[in-house]
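Here are a few exercises to work through with the model open. Try each one yourself before reading the solution.

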Amino acid sequence: MISSTDNGRHARAPMRMPQAEALPATRADTDVPHAAPDSTRSISCVIPCFNEAANLRHLLPLLEDILWDTRMRWEIIVVDDGSTDDTVAVAEAWCELSGFRCISLSRNFGKEAALTAGLAAATGDAVVLLDGDLQHSPELIHTMIAQWVAGAEVVYAVREQRSDESRFKQLGSKLFYSLINGSDRFAVPKDAGDFRLMDRKVVDALMSLPERSRFMKGLYAWVGFRAVALPYTPAPRAEGKSTFNKRRLVRLAMDGLTAFTTWPLRAVSVAGLMLAIPAFAYGAFVAINYLLFGNEVSGWTTIVVSLMFFIGIQMISTGIVGEYIARIYEEVKGRPLYVVRRERGTGLETGKT
């Protein structure tokens, strides 16, 4: 099933020998630092995908070559998040070879759920998360592994600049990080995404968290561990267009703010106090003025406008409280974060298909 994308390394009977024994010499014509050869270590690569069939045809052979060069045992896990194109067919074709796995979810559950499914299936000593659109350069995996071998427990990629993004997204990103990092308990690294390498102990800590409304960028920061930032510039998408529109970005930002901060609730209390004090003061002034001087109460327009203003504030406050109640409701129901429709391929664990 794989003819144009096959490479010589897997053509040399990959099923008859362990991955670590079938490696060629490490390339010497690159400036990218490599980890010391260690066949006792293993690495898992998790790729969440939604309609990325065209990009997977480029990414999987490139990623396979890079993993062979690490001289480690490896597996590539493609998580299909309810794609409507040929993503599953492309991924399952590669599952005929050792080291490749495809997990197909029963529908589109969202990227956070797909990432969680991949982390749950990964068995490597280190796990790399990267997108399937080739914006996350697989070549950086060598540098990540070198940092990991040197003692880092998390190596995360950070965008060097955002000049390629719209003004709306740039301003929204600045506002979001300033709001979510308002607490001094921990900070979510600015401009850091899902492209990262995590040690096994970090993955285990993430998987031990029971919450279902998962904002992964916040969870990465919450669990802590020794982290190293790796600056990078995302490449353009190889094929297709991103389905992550403005509405989904706003929704993701709301999920992050309500999952890791309580300042909106406190802001409602502060706003209510600031509005209530002058309102009571004005009411007392009107009452005393009438009792002392007998002035008729006037200003019905002002009263109506004030009522509309306060009712609007109340509606906004109720909406904010409702957002938190909705997340409590989702957690209490206890539904699974995702449902797996089918799994194909063999990863690092013997006999796991």
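**Exercise 1.** In which sense do strand β4 and β6 pair, and over how many bridges?

*Solution.* A quick note before we start: this is a predicted model, where local features need pLDDT of at least 70, side-chain atom pairs count only at pLDDT 80 or more, and totals for chains, interfaces and linings use all residues. Residues are numbered from 1 along each chain as its sequence is written, and side-chain values use heavy atoms, leaving out hydrogens and water.

Step one: find β4 at residues 126-129; its pairing with β6 is antiparallel, over four bridges. (Strands are DSSP runs of E, at least two residues, and helices are runs of H or I, at least four, numbered from the N terminus; strands pair if DSSP finds at least two bridges between them.) L129 has R196 of β6 as its bridge partner.

Step two: turn to β5, residues 154-159, which also runs antiparallel to β6, with four bridges. Here V158 sits opposite A192.

Step three: β6 (residues 192-199) has seven of its eight residues buried, so the rest of the structure largely encloses it. (Buried means under 20% relative accessible area, exposed over 50%, partly exposed in between, with a 1.4 Å probe and protein chains only.)

**Exercise 2.** Is M315 buried or exposed?

*Solution.* Look in helix α11, residues 300-333, for M315. Its relative accessibility is 59%, so M315 counts as exposed.
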